[in-house]
Structure formats: structure tokens, C-alpha cells
Amino acid sequence: MIRWASEQGFVAELEGLYEGWRPDAAPAPMVLVANASLAAELGIDPTWLASSEGIAAVLGSEAPPHPTVAQAYAGHQFGNYSPRLGDGRALLLGEALTTDGRRVDIHLKGSGRTTFSRGGDGKAAVGPMLREYVIGEALHALGLPTTRALVVIATGETIARDRPLPGAVLARVASSHLRVGSFQYAASSGDTDLVRRLADHAIARHYPQCALDPEPYLAFLEAVSVAQARLVSQWMAIGFIHGVMNTDNMAISGEAIDFGPCAFMEVHDPRAVFSSIDHSGRYAYGQQPGIAQWNLARLAETLLPLLHHDTQEAIRIATEAVENFAGVFRHEYLSRMRAKAGLVDPATPGEEAAAIVNGFLALMTSHRVDHTLGFRSLSGVLRGQSGAFEALFANNEDVRAWRDRWLTAVPADPSMRLGIADGMDAVNPVHVPRNHLVEEALAAATAGDLAPLEALVDILRVPFERLPDDERYLLPAPDGWEGYMTFCGT
């Protein structure tokens, strides 16, 4: 059984930010994947989850103990403001409790039209829903805060896209589904009390320490900023590109959410884009920190009436808070990159470490080296096994000069270098969701064969370890994958 919270806070406290709605019935539901480890966190028996009773509970086909709702939010999509977006194909089933008492949302995606659908059919296909499962599990295994799929259920429907596809729904678990766009929607109503109630709800749920601050709403803005700086620094470290960093896709909790046009970068390139609709490169890999700050500025705008009664003073306070993001991000990012490059000696100045890291990134770009393999190869150099590094980089003057500078910054003692190399392998993954392998697994699953998907997820759950017979999971895409694109999945 699902351990629903007795008090459904979002519905009880935030009238005006949702519409009550019921999901469509699924004609022939069948579980495709059930996330046993996540189910255990929720105190759910995975076998129950796959039973007819569990499926009915997840699909909302039996009356739940509380209303299911479509959440309202606005958002800047590729920089253009849309005042009314909301859950156009999803419903908040309710708030549940984990075994350790944490409150989480269970959210159903692909459940049919809602009042926010804007002409869409509200449905989802098997492939995009399984993509959410794959990417969420990969990010979780890599140590990132992320939403995760509890279960993906084939509905037995055929839905119309560019071709007929089998339909599916996803039950997603998140700390909450509050977004920057939620605040934009509340602010657009002109109801300052609604914005205040939303901020108080978000503080109580995610940042309770802010309630004790003399300036709780400023503390809240700063806490969200820190959470986003940490998240995006982790994206940058592992080469992850979200693809659609619209304000309605930025969770207040600091969790990664909505995995449509996302991908893991292979050849290191700050301009890398995988979204089929990002023609200008707005959400390219290298743009992600700046876009996160831009989104936080939109959040700050909604909080102005709560920051100070004088508008100009509120703007000054908010601007200073948003500008602080850059410093927090630089600190978080450099800390992660130092660990990836083995620059753990505190005697190495931050400026020198940053220059070495940036030099390596430039080398990977100019030599068209795979981001994951490039970083993973460095530990071998410290162990006196340079073959993987040399296979990736040409033996030219620039590479030799960078390598000499890097090794000068690493302790020379052989035993210390072995320990540093082990530490690097603990933060530099060997397994990430390679785009061609993800597409191969999704295509097979859409055709009814889940074995490739299950094998891929098993590998991704141990991202830092070499496994027997894992060679095909290590290599970049074969020729012909240049220009790979992903789609929103709507």
C-alpha cells in the first residue's frame, strides 16, 4: 500500500494553484518497470505495486483517499513568457511518506487531458516515459538530487504522434513539484497573499530553517539559489545537458526534473545541444549556469512584495541575492572539478586549479575527446598506466605542456598518487547513459522487449565500477550518430 500523508499540504494550503481532475482510464494496463529500490523507500511492496490493486492505486482508477489535482503554473519557455501552462498531461496523485518520514509527491504523467492541456491529448508514449526512468536512475546513482520513476505502466492504448505508438503512464516521485513557474503563476494573479502562502508552503516543505530567519523570504530565495548552484554544478561535472531549462522545469527543491530533450554529452563541447527545438543554443551545455541564474531572477521578481514594502529596495535586495548565485556556483563547480582532476592538495591555489581544469576542458574540446572517458583516463596516468589517456589525446606540445602542469600540482609521492587516483575513480563515472544505448533500449522496449532496458539500468546503477562484459557500455556512439537530437515527448 502507499503510505499517503494524512494531511495533503499542497491541496489544503494552496487553493488557486490547482484544479481537481481525474485521470483517464487505461484499457489494458500492464507494468513495464517497477522501481524496487524506490518502492522500498516508500514502504511499498514491489509485488503489490505490480498487482492489479497496486496498478489501480497508481492509475487513480480507484477513488483515492484525497482529491487528485492538476497543478497550475506559468513559465518562460525559451525566454518567452506563457502565463498559463500547468499539468497538461499529468496529475498530482498525492503526498506520500517515506519510511523515514519524509514527505514526497507521487505524480502521474500521461494520464490524459486536463484543463491545462491547450489542445494536446494529454497522453504519453512508452519510450519517453521509460526515458524518465532511465535518466532518473542514472542521476540518482551518480549522486544527484533528482525526481525518479516509481513505475511505468503500459496503458494498452495506441497514441498518435509522428506514427502510432503504444501509450504509457509514469508515476514519478519528487520532493515536490513546486517550480519557479508556480511562483510566476501565483504572482501573475496579483494576489500577494497567494504568493506568500506558496512561499510559506515551500519553506515548510524544503527549507524549514528559513522560517527562523529574520528575513524568511530572502533566506528562501538564497536557499533555492544555493540548491540550484549545487545541482547545475553537478550537471556540468558529469556532462549532463537538461535541454529544456524553462522556468516551469526548475524545481524549487533543487531536484532535476522533466527528462525530455536531455542527454549526456559525449565529445566535450560547451555548445553541445540535443534538443530538436533549441535552434539558438539557449540551453546548450555551457549555457546552463547562466540560464539557472536567469531563472532565479524570474523567481526573485515574484517575491518582491515579500522582500520589502518599497519596490526599489526590494529590487536591490533581490538583485544582490541573485547575483550571489555566480559565486556559489563557481565554488561548487571548482570543488567538483578539482576532485575530478585529482587536484586535492590544499596547497594548490584555486586560481591554479581552475586554470588546469579549464586547460583540460579546452584540450578535450579541441581534440574532440569524450567527456566521460577523458576524465576517467586521468587516474590511469597517476597509476603509471597512461594508455587510455594517450589513446584519446594526440602526443603534441599542448597536451604535454598541460600534462606537465597538471602533474606538478599533484603530490609526487607514488603512494599518495594511488590514493588520489582511487578518489578520482569515485567521482569520475565509467558508465553514463550513452545516447545510442538509450535509444536502442527504448526502441526495443517500445517493440515489446524490455531486456536491453533492464540490462542498461543495471549497468547505470553502478556508474563508477568496471563490470564483467561491460565494454559496449563504455564506448561513445558509433559513426553516424553525429547530430543526435532528442524531443519533448509530448
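Gly 350 is partly exposed, with a relative accessible area of 28%; partly exposed lies between buried, under 20%, and exposed, over 50%, with a 1.4 Å probe and protein chains only. This residue is found in helix H11, where helices (H or I, at least four residues) and strands (E, at least two) are DSSP runs numbered from the N terminus. The model is predicted, so local features need pLDDT of at least 70 and side-chain atom pairs count only at pLDDT 80 or more, while totals for chains, interfaces and linings use all residues. Residues are numbered from 1 along each chain as its sequence is written, and side-chain values use heavy atoms, with hydrogens and water left out.

**Surroundings of Gly 350**
- Apart from neighbours within four places in sequence, Gly 350 is in contact with Leu 334 and Arg 338; contact means heavy atoms within 4.5 Å.
- The C-alpha atoms of Gly 350 and Leu 334 are separated by 8.0 Å, although the two residues are 16 residues apart along the chain.

**Packing of H11 and H12**
- Helix H11 (residues 350-366) packs against helix H12 (residues 371-382) at an angle of about 130 degrees, and their axes are 11 Å apart.
- Axes are lines fitted to C-alpha atoms, for helices over the stretch in contact, and angles run from 0 to 180 degrees between N-to-C directions.
- H11 and H12 are therefore oblique to each other; angles under 35 degrees count as roughly parallel, over 145 as roughly antiparallel, 65 to 115 as roughly perpendicular and the rest as oblique.
- From H11, Phe 360, Leu 361 and Met 364 meet His 371, Gly 374, Phe 375 and Leu 378 of H12.

**Nonpolar cores**
- The largest nonpolar core has 103 residues, and those with the most contacts inside it are Phe 220, Ile 252, Leu 303 and Trp 406.
- A nonpolar core is a set of buried Ala, Val, Leu, Ile, Met, Phe, Trp, Tyr and Cys residues joined through side-chain atoms within 4.5 Å.
- Helix H8 (residues 216-238) gives the largest share of this core, 14 residues.
- Leaving aside neighbours within four places in sequence, Ile 252 has contacts that include Leu 178, Phe 183, Phe 220 and Leu 299.
- A second, separate core of 26 residues includes Leu 130, Val 134, Val 152 and Leu 442.

**Helix H6**
- Helix H6 (residues 180-188) is mostly covered, with seven of its nine residues buried.
- Among the buried residues of H6 are Val 180, Phe 183 and Tyr 185.
- The cover over the buried residues of H6 includes strand S4 (75-77), strand S5 (80-82), helix H7 (192-206), H8 and helix H9 (288-307).
- Gly 190 follows H6 and has a positive phi, near 80 degrees.
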